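Here is a short briefing to read alongside the model.

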Amino acid sequence: MARAKKNAKAKSKSSARKGGATTVDVIDGEDVDYGDIAGDYKQDNTGNFWKFTKPKHKIRVLPFRDVAAGRVRAYLKEAKHFGAHPDHKLLNCIGKDAGCPICRVANTVTDKKLQKEYRPSVKYLMNIVDMDDPERKVQLYRAPKAIWSKVMDIVLDTEEYPDALDPADGIDFNITKEGEGFNTSYGAQPAMKRSACNFTGTIVDLVARDASFEDDADYEQIASEMVTG
Ligand SMILES: [Zn+2]
């Protein structure tokens, strides 16, 4: 009895998709728990990324060479869609202004939960050194916008902090995190004195790294199957 009920629910969900005839019920009546998927992703995706382990850290941001473009960058903006792919694969956001089909559909959705699943998660990837790390290893940090913009304000204040990103004579950033979830607030302040950062490990070309994740998904097809009601 319970099973029949579940199936009926799944059926109504798939028929709510546009072009329902092409939708295969791959999950056989099971509801998809996006919280579970987000948990899996978080676990698999943050293992190699630096993150806050206390309210305040001192970090250094190291610039990287974008070999393909032949120039130096401080960060890479990264936007990914989590909930749009029917098999829950991550999709690189092409960019709202560049006509990303997933963003186009996401912006027509009124349901708050669906919006959250469909809208791209935007982070700013940087090579950093945690100055408390005795090995001073280079690590990757997926910074939220609030940290990124505050750090960049300092980096771009070239009068007060010239060449802040110089590993040999640059600026440490005291970054802070307070609260959790929607009530999280971030801060970044420059250290008083310039210093050398003798790091170990390799600075990653983040543009080349990102290019290695290119997917061949049919974005228009995926967009046409997204639930919008
Ligand atoms: Zn997008």
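This is a predicted model: local features need pLDDT of at least 70, side-chain atom pairs count only at pLDDT 80 or more; totals for chains, interfaces and linings use all residues.

A residue is buried if 20 or more other C-beta atoms lie within 10 Å of its own, exposed if 12 or fewer, and partly exposed in between, with C-beta atoms placed from the backbone.

Residues are numbered from 1 along each chain as its sequence is written.

**Overview and confidence**

- The protein chain has seven helices and ten strands; helices (H or I, at least four residues) and strands (E, at least two) are DSSP runs, numbered from the N terminus.
- Of the 229 residues of the protein chain, 22% count as buried.
- Two residues are in contact if their C-beta atoms, placed from the backbone, lie within 7 Å. Among the contacts in the protein chain with a separation of 6 or more, 66% come from residues 24 or more positions apart.
- The mean pLDDT (the predictor's confidence in each residue, from 0 to 100) of the protein chain is 84, and 82% of its residues reach 70 or more.

- M126 is in contact with V61, A74, Y75, Y141 and A143, once its neighbours within four places in sequence are left aside.

- I147, W148, V151 and V155 are the buried residues of α5. They sit on the same side of α5 because they cover an arc of only 95° around the axis, where the arc is that of the directions from the helix axis to the C-beta atoms.
- These buried residues of α5 pack against β2, β7, β8, β9 and β10 (185-190).
- Turned away from that buried side is a face of α5 that carries the exposed residues K145 and D153.
- I147 is placed in helix α5 and counts as buried because 23 C-beta neighbours lie inside 10 Å.
- Not counting residues up to four places away in sequence, I147 touches I175, Y186 and A188.
- I147 and Y124 are 23 residues apart along the chain, and their C-alpha atoms are separated by 8.9 Å.

**Strand pairing around β5**

- Strand β5 (residues 76-81) pairs with β7 in the antiparallel sense over five bridges; two strands pair if DSSP finds at least two bridges between them.
- In this pairing, E78 stands opposite K123 in β7.
- β5 also joins strand β6 (residues 91-92) through two bridges, and the two run antiparallel.
- There, H81 stands opposite L91 in β6.

**Loop residues to look at**

- R136, in the loop between β7 and β8, has a positive phi of about 50° although it is not a glycine. R136 is partly exposed, with 16 other C-beta atoms within 10 Å.
- D163 lies in the loop between α5 and β9. Its phi is near 50°, a positive value in a residue other than glycine. D163 counts as exposed because it has 12 C-beta neighbours inside 10 Å.
- A191 is found in the loop between β10 and α6 (206-211), and it counts as partly exposed, with 16 C-beta neighbours inside 10 Å.
- A191 and D172 are 19 residues apart in sequence, yet 5.3 Å apart in space, C-alpha to C-alpha.
- A191 touches K58, I171, D172 and N174, not counting residues up to four places away in sequence.
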